[in-house]
Amino acid sequence: MECPMDATASEAALVILFHNIVHDATSQSPPRDPEAEHAKRHFSGEEAIGQFPLAANPSILLHLLSSCQLDPKDLAALEVTCTFFRNPAKFPPDLELPLPELAALDMCQERAMFKLMKAEEKEWLKQRCGGSWKLVLGYILVGEKNYRHGKSQVIAGPGCSIVVTTKGDVYSFGANSWGQLGLGDTEHKFKPCLIRSLQGIRITQAAVGSRRTMLVSDTGSVYKFGHSTFGPFDYYGTAATNEVSCPTPQLVESLKGIFVVQASIGGFFSAVLSREGQVYTFSWGHPDRLGHGTEIADVEPRLLSGPLEDVLVAQIAAGNCYLLMLAYHPNGMSVYSMGCGLGGKLGHGNTGNEGTPLQIEHFQTFNIRPMSISAGAFHAAVLSSDGRIFTWGWGIHGCLGHGAEEYMTLPTAVETLKAVHVSAGYYTTFVITDNGEVYTFGQKGLGLQDGEDDESGDILAPKLVTSLAGLEERFVQISSTNAGDWVDDKLVLSHTVALTNSGKMYAFGGGSKGQLGVKLAEGKEAMPPFQVAVDII
């Protein structure tokens with residue numbers, strides 16, 4: 001959001017500017033009566049002659065701090081640099097809070113997930129975050145950034161695609177045998193179709209898996225459609241139970257009372273994250289998998305506790321048979337994993353399974369600060385705060401980007417440019433750099449098109465996707481299919497969808513079922529990047 005004081009000012013410059021304004025004002029202005037000031041939270045226009053407005057009415061400054069959407073670190077810097085910002089502001093709801101803390105609280109209040117909480121729930125979250133509203137704001141912002149809360153997003157599922165617009169509308173297209181498009185039927189769709197049954201409901205996040213889709217609303221409700229349970233499929237896509245399709249979005253009744261902010265679907269299970277940072281999983285309840293000790297037929301949401309009892313989770317990412325969790329701490333992030341460890345995809349230096357969440361120690365050992373996680377079908381990726389990408393797990397087709405196909409049991413840095421986004425798919429990985437370019441490594445046909453790949457068809461190290469670079473667009477998000485599925489007795493090819501900062505959507509890869517948003521010519525199964533006709537903004 002642009003600052004009303006100076007639309008071109010950076011956040012760091014604003015911090016300095018605020019500090020200088022208050023320092024000059026307080027050094028030149030006569031003392032003010034705190035008893036007369038502390039009840040005022042809005043500018044009254046009654047300053048004394050010669051008095052600087054910001055010092056006479058800190059409410060103006062509070063408004064600026066809040067409306068400029070300063071980062072929690074910048075708010076903390078204000079408190080360090082000036083006593084004015086450390087002293088109690090004498091404003092409700094807490095007269096003892098300094099201005100930066102009040103600004104952080106104001107910004108938290110703007111979020112639906114926080115606004116709807118009871119006072120005791122807000123205080124509980126504050127204590128869980130470390131006792132500061134700035135830390136609460138930091139926790140909220142990490143999650144919002146990673147699952148693009150309130151922003152448009154595009155998701156590539158097995159044979160289908162989902163689009164969430166900035167307004168909260170949802171479009172779907174592609175394979176629809178089980179009603180996973182949520183359009184009320186089971187016919188494949190070859191162009192984006194608006195899910196009209198969701199009219200009046202603002203969707204903020206979507207998850208797509210084999211034959212099922214989950215949507216999260218701004219009020220924390222979860223809707224599902226497609227295969228009617230959260231149970232697993234076998235390799236050929238056969239349901240483990242005799243359930244029927246659910247082609248229209250239905251509220252997940254078992255999650256009532258839980259304010260959900262993110263959902264993620266794996267090959268054998270689904271997971272949701274609550275605003276309180278707690279993780280619930282469906283199905284795969286065997287002790288060595290998702291820590292519940294229940295039977296595989298148990299499809300009720302179960303809370304993951306144990307090592308996560310006192311940990312706030314800010315993001316989740318489900319792979320085929322494992323789960324990653326990004327945990328928030330006042331001094332940084334950590335990554336937990338659990339599930340099947342074959343190929344080293346849990347990142348613990350071995351190939352063993354983990355029935356309960358276990359922290360990946362490698363990041364802390366080498367002072368790596370993870371900021372975002374992505375779970376491919378059989379390999380994982382992490383984006384660190386300094387823009388590096390770390391990958392581990394099965395290295396088939398070079399999807400780890402280390403120049404070979406061997407599996408890695410520990411997170412290992414990829415030699416690439418400074419990154420801002422990563423998406424791990426089905427034996428492929430995409431990286432968006434800080435200049436908006438897209439790089440890829442992994443299997444042929446999933447990222448690089450004809451004329452861009454080598455003879456082997458495997459991209460073993462990061463390579464610029466020239467067909468996207470030629471579009472002269474700045475990309476901000478990309479999603480590659482991270483699960484396989486059988487549609488009409490045939491394994492569908494993976495595809496990729498990408499979003500630009502101007503709100504354009506591009507798609508490429510497998511498209512025989514309409515997942516690219518267009519009907520391909522007879523005998524053609526894939527397409528190079530092209531723009532999808534859908535109104536995202």
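Leaving aside residues up to four places away in sequence, Ser 132 touches Glu 101 and Lys 126, where a contact means heavy atoms within 4.5 Å. This is a predicted model, in which local features need pLDDT of at least 70 and side-chain atom pairs count only at pLDDT 80 or more, while totals for chains, interfaces and linings use all residues. Residues are numbered from 1 along each chain as its sequence is written, and side-chain values use heavy atoms, with hydrogens and water left out.

Back to Ser 132: the loop between H9 and H10 holds this residue. Is Ser 132 buried or exposed? Ser 132 counts as buried because its relative accessibility is 12%; buried means under 20% relative accessible area, with a 1.4 Å probe and protein chains only. The side chains of Ser 132 and Glu 101 are joined by a polar contact of 2.8 Å (a pair of N or O atoms within 3.5 Å, one able to donate a hydrogen and the other to accept it; residues adjacent in sequence count only if both atoms are side-chain atoms).

Now to H9 itself, residues 119-129, where Lys 122, Leu 125, Lys 126 and Cys 129 are buried. They sit on the same side of H9 because their arc around the axis is only 105 degrees, taken from the directions from the helix axis to the C-beta atoms. Just after H9, Gly 130 has a positive phi of about 120 degrees.

| Element | Residues |
|---|---|
| helix H7 | 99-109 |
| helix H8 | 112-115 |
| helix H10 | 133-146 |
| strand E13 | 312-318 |
| strand E14 | 322-329 |

Helices (H or I, at least four residues) and strands (E, at least two) are DSSP runs, numbered from the N terminus.

Definitions and conventions:
Buried < 20%, exposed > 50% of the residue type's maximum accessible area, 1.4 Å probe, protein only.
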